[in-house]
Structure formats: C-alpha cells, structure tokens
Amino acid sequence: MATLTTHPDCVPVVSYRFGKGATNIEKYIAMQGYESARKAIALGPDAIISEMKASNLRGRGGAGFPTGLKWSFVPKQSAKPKYVLVNGDESEPGTCKDRLIFEQDPHSVIEGTIIAGLSVQAKMGFIYLRGEYRYLLQIMEKAVADAYTKGFLGKNIFGSGLDFDIVTQTGAGAYEVGEESALMESLEGKRGIPRIRPPFPAVVGLYGGPTIINNAETIATVPHIFRMGAAEYAKIGTERNGGTRLFCLSGHVERPGVYELPMGYNLKKMIYEVGGGIPGGKKLKAVVPGGASTPALTADEIDIGMDFDQVGKAGSMLGSGGVVVLDEMTCMVEFALRTMKFYAHESCGWCIPCREGTDWLKKTLTRLHNGGGVEKDIDNIRYLAENMLGRTFCPLGDAAAMPTIAFVKKFRKEFEDHLDGKGCPHHYAAEPEGALV
Amino acid sequence: MSTQPAQPATIFSPVLAARFDKLVTLYPVKRSALVPMLLYAQDEVGYLSDAAIAEIAARIGITELDVRNVISYYSLLRTKPAGKFHVQVCTNISCMLRGGNEILEHCKKTLGIANKGVTGDGLFSLEEVECIGACSWAPAAQVNYEFHENLTPEAMDKVLEGCRARSSGAKK
C-alpha cells in the first residue's frame, strides 16, 4: 500500500516509526510511544503550549499558521465543552501524505490528539478521515480500541485523573469539507458549508465549543516534538519554520513518492536530486509547489527553499506539501482547465463568487482549450479570477483563483496560441509515448 | 409473555443495526452519526434506498428531507445502485500528467460504458473521480474502497479481470 520513499537527505521525524510495525500498540510503545503524552500530563497546559510555540511548528494543512499560537487562542474558561478535531480529510490534488501517517503510524495521531486535548483541557477529540480512505478507518478504529484497552483513552488516562475520548470517522467525498468550518458542519451531520468567521473555531467551534482544528500531519508531529524536545525539533528546519515536512512529489519526475525532508529544502534539488529529474531528458516547464491551490512556479523560479516564508516570497504558497512537476510537453491551458474543473465540481455553491466564478472559468477555459476562444477570453479569465479573490466565505474561492491568475500571467503565450481556432497546439496526448514515460 | 422490549423493525442486518445503535451514542449530538450511517448503509444495501433513508431519519430523529439534503452534498453517496465493482478513475492533475485520462478511456472501451454508466450485468460501474490521494503513485483508481496504483492499461485489465474472477468465484 502507501509507503514512504527515502533519499539520503531525508530526515525521519514524522516517519520515525514508518515501516516498523507501529500499528501494533506494543511496538509503538517500544519505540517511545505514548511517552510524550505522559510528559505532557506532567507539564500541564501552559508548558505544553510554550513547548509547541518553541518548536516553530506551523500548520501542515496549507496555511502554515503557528500551531502553538493557535492552541493558545482557546479560552481557559468555557461554559461549553472544548474539542480537538483532527483534519484527515486530505483531498488537495497532489497530496497523499496524511494517508501514509494513518497507515503506518496511527498511534502518533492518537497521541498528538491527546496532547492537543491536554493543552486546552478538552475531554474529547475527533479524527476525521476522507471517505475514500476507508481502509484507514479500520486501522484507526483498531488503534483507538487498543489505546482504550491500555488506559490511554477513556476515564483516568495514564492514571492522571483526566478523561479523554476519541471518536474516529470518515467523510463521504467532498473537498470543501477539508476547510475547517465546513469540516465542523460535516461532523455535525450536515452539508459541508463554510461558516463565517469570526468567531474562529478556537472560540466557537464544534457544537459551539472552543475547538482546536489541525491537519493530521500537524497532530502526528506533536508527539515527536515532545519526544525530541522543541529546541531539537526547531533546529531541523529554517527560521520560524520548524522541523520537517512530508513532501509528495508527483507528475513528471523519475522517482515520484512521499519524502520527509527538512523545512526549507531547496525545490530544485528536490526535483532533480531527490526526484531524479524529469523523465526522458525533457525540460521542466512548471512546478505546482503545494497542491492544486498554489500558484505555479516557472522553471527559473524554483531555486528556493521550501518553507512557508520563502515560497511566499516567490509569489506562491508552501500549501499542503504536494509538489506537482510539469515537463515542457504539458499544455498549461489544459492543466489550468483540469484544475478549474476540479474547483467547479467541488465548490459547495454557498456563495456566489465561487459558485459562478468557477463555473464560468471552467466554461471559458474549455472553449479556449478547444480552439473556440476569442482574445478577450484571456483577459476575462484573469478578470474573473481576480474578482473572486478575497470575496468568498472560505478559501476555496481563493484556491481556484490564485493558480488561475498565475497560469495566465506566466504562460500567456500558450493561451494566445490556442486562439487560431485549431484547438490545442501542444496537447501532450498528441505524443503519448513521450508524455507517458 | 416475554418481558423483553420489542425490537424496532429494521431493514439492516442485526450487526449493522447494533452498530447504528452504538454510533448515535458516541457523539454529543445524535445527528453527528449521520454521514457514517449513510456510508455503512450504502455499503450493505448497495445504495441509499428510500427504506434506508426513512430508517436513518427515524433513528436520528430528523426528516427524510434533511437526510436527502445531506446525501446530495457528498459525492460518495448515491441513491441509485452502482455496479458490484464501482471503478473510480482519477483524472486530476497528478494522474492526468501520468496517463489518468488514458486509463479512463481504456475502462470505457473495455467495459463498454460511459462515465457514470453501469454494465448490463450490473457487475461494473465507472466513474471519473477527483483526486483520491494517490498522487505519488499515479495514475490511480479505486475499485469500491480498494486502491490500485501506478496503473497502465494492461494493469487496469488485470484489475478488472480480478473483479470478474472474484465475482464468478463467489457464485460457485
């Protein structure tokens, strides 16, 4: 099934127990498992949060918000129960890392959830997997049951006098549910429609109670921070970007795979050394650095460190860790169209700029790609996308708009090449042998 | 006369009915069990039939309309039967770059059905799907919940043949 790929530059932190049978709770315990939760109990809420802040861990879902800071926003006193919600609804195109964590080290997610709960005195956590990952639900349910048997979950966990329960479930197919507020709606048994913020989930979240919501990789990292010590963990990455990241290399590379590399690892090196370069000796055209929502970088923009700040400075986002590599044969209009088809399909329809915008963009891109476009379409695509930006309830609208703007801006010539009425001039499928190698 | 309370009538198997009884107690509100219940009901019945929807609505204490409203949001939930083997081919970006569209076309040709079609014998249904989380092992497809990765048309044929063999094996 899903396995990690390694390279001499890899630094195993989250993948420390991958491939070592850690789904078995005894083996997990033998590899320092659940020691971090015990440490966290001894430390207490304030010290847990300071340790998290010191680790410089930033949210692995895509936005890169500092995790310790996020946890510190949960009010100490609350009339309503507090919750921890683990976002394992991984569905950003190009991303397949959380799947590995659940499959190879389910207890790290459970232990991270417990520590998050301890930091805000929550008594209940939810682990929400995407519906397509049904086989992982079985792994997670077994792991949760084993943790209950050991007394690590339930009443009086680790003999501490504290209680903590975990429920795990899957979604049923919806990209939008990976957005934190839509995720809460889905967990409450409703359509996954986003909530307006503020209030933020840390104050008013699941069932109206203060809620910590973090990506599965973020949560799975937490026990390792307490295992290694925050200072040691922070040292691995770059400034304000602690630790490692599971990067999912896909597309036109010799050795696609999920690799755990230090934050700030050079993107060019990642593609040419870790990934083995472009198949067939072809040239690189573009890289989508962090999942479909992130603006593509051109071949001469990739000599950058892969951390939130450096990729941000280069005009894109580190996003979800999904690095999609495109060779010179790729038609950027077709790529833009496929990306937009996805967003049009996944838009929940709740707010108009996203619902209408993604659909019109899909239609215009389809016409252009088929050769029926007019010159004005190119500017219209950019105009539509720019007018969606920042005008939607949730980031899905931005996620559709940002890459589209970049495609038009950086590859305008290719869009213009489609205007002669003859259809796509460089459809890679026209030379399947070259493209499929 | 028995002192045991009468069991409510259920369309589900005793195992699933018991699972549902427990599921609604796990969450702070009953309704949170809705999406998992719909999935498990679909797994057992094959799709979300009127009877399944009615029973789930009653178990949670919401209207059938509420349940249908939720069903229509999620792409994995269906109110019509699919094939015994539901073949879901990903054509999203990472799969597209490595031949996902070709796998989809190959399935259409081999199975003789269009996207969202069901074969006459009810054995296969085909669907083009969005990213399934197998990007580094593209192109990929799922048959029911099973992942098949690093596909080629030949490998896809083997997957489909495997389904046929399993089906005829089960009949004997």
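Predicted model: local features only at pLDDT ≥ 70, side-chain atom pairs only at ≥ 80, totals over all residues.
Q: Where is the place of A172(A) in chain A?
A: A172(A) sits in the loop between β3 (165–170) and α8 (180–187) of chain A. Helices (H or I, at least four residues) and strands (E, at least two) are DSSP runs, numbered from the N terminus.

Q: Does A172(A) count as buried or exposed?
A: A172(A) counts as buried, because it has 24 C-beta neighbours inside 10 Å. A residue is buried if 20 or more other C-beta atoms lie within 10 Å of its own, exposed if 12 or fewer, and partly exposed in between, with C-beta atoms placed from the backbone.

Q: What separates the C-alpha atoms of A172(A) and A182(A)?
A: These two residues are 10 apart along the chain, and their C-alpha atoms are separated by 13 Å.

Q: Turning to the contact between the chains, how many residues does each one give?
A: Chain A gives 49 residues and chain B gives 35. On the chain B side, α2 (34–45), α4 (64–71) and α5 (93–97) each supply at least two residues. The largest share, five residues, comes from α2(B).

Q: What classes of residue make up the side of chain B that touches chain A?
A: That side has 24 nonpolar, nine polar and two charged residues. Ala, Val, Leu, Ile, Met, Phe, Trp, Tyr, Cys and Pro count as nonpolar, Asp, Glu, Lys and Arg as charged, and the others, Gly among them, as polar.

Q: And chain B by itself, how many helices and strands has it?
A: Chain B has seven helices and four strands, in the order α-α-α-α-β-α-α-β-β-β-α along the sequence. Its C-alpha atoms fill a box of roughly 65 × 40 × 25 Å, taken along the principal axes. Of its 172 residues, 41% count as buried.

Q: Which domains does the assignment give for chain B?
A: The assignment gives domain 1 (14–71) and domain 2 (85–171). Such bounds come from an automatic or database domain assignment. The C-alpha centres of domain 1 of chain B and domain 2 of chain B lie 29 Å apart.

Q: Into which domains is chain A divided?
A: Chain A is divided into domain 1 (14–236), domain 2 (244–327) and domain 3 (332–436). Nine residues of domain 2 of chain A are in contact with 11 residues of domain 3 of chain A. The domain 2 side of this contact has five nonpolar, four polar and no charged residues.

Q: At what angle do α3 and α6 of chain A pack?
A: Helix α3 (residues 45–54) and helix α6 (residues 106–120) of chain A pack at about 120°, with their axes 7 Å apart. Axes are lines fitted to C-alpha atoms, for helices over the stretch in contact, and angles run from 0 to 180 degrees between N-to-C directions.

Q: Which residues make that contact?
A: P45(A), I48(A) and I49(A) of α3(A) meet I115(A), L118(A), S119(A) and V120(A) of α6(A). Six of the contact residues are nonpolar, one is polar and none is charged.

Note on methods: Residues numbered from 1 in each chain as written. Chains lettered and ligands numbered in written order. Contact = placed C-beta atoms within 7 Å.
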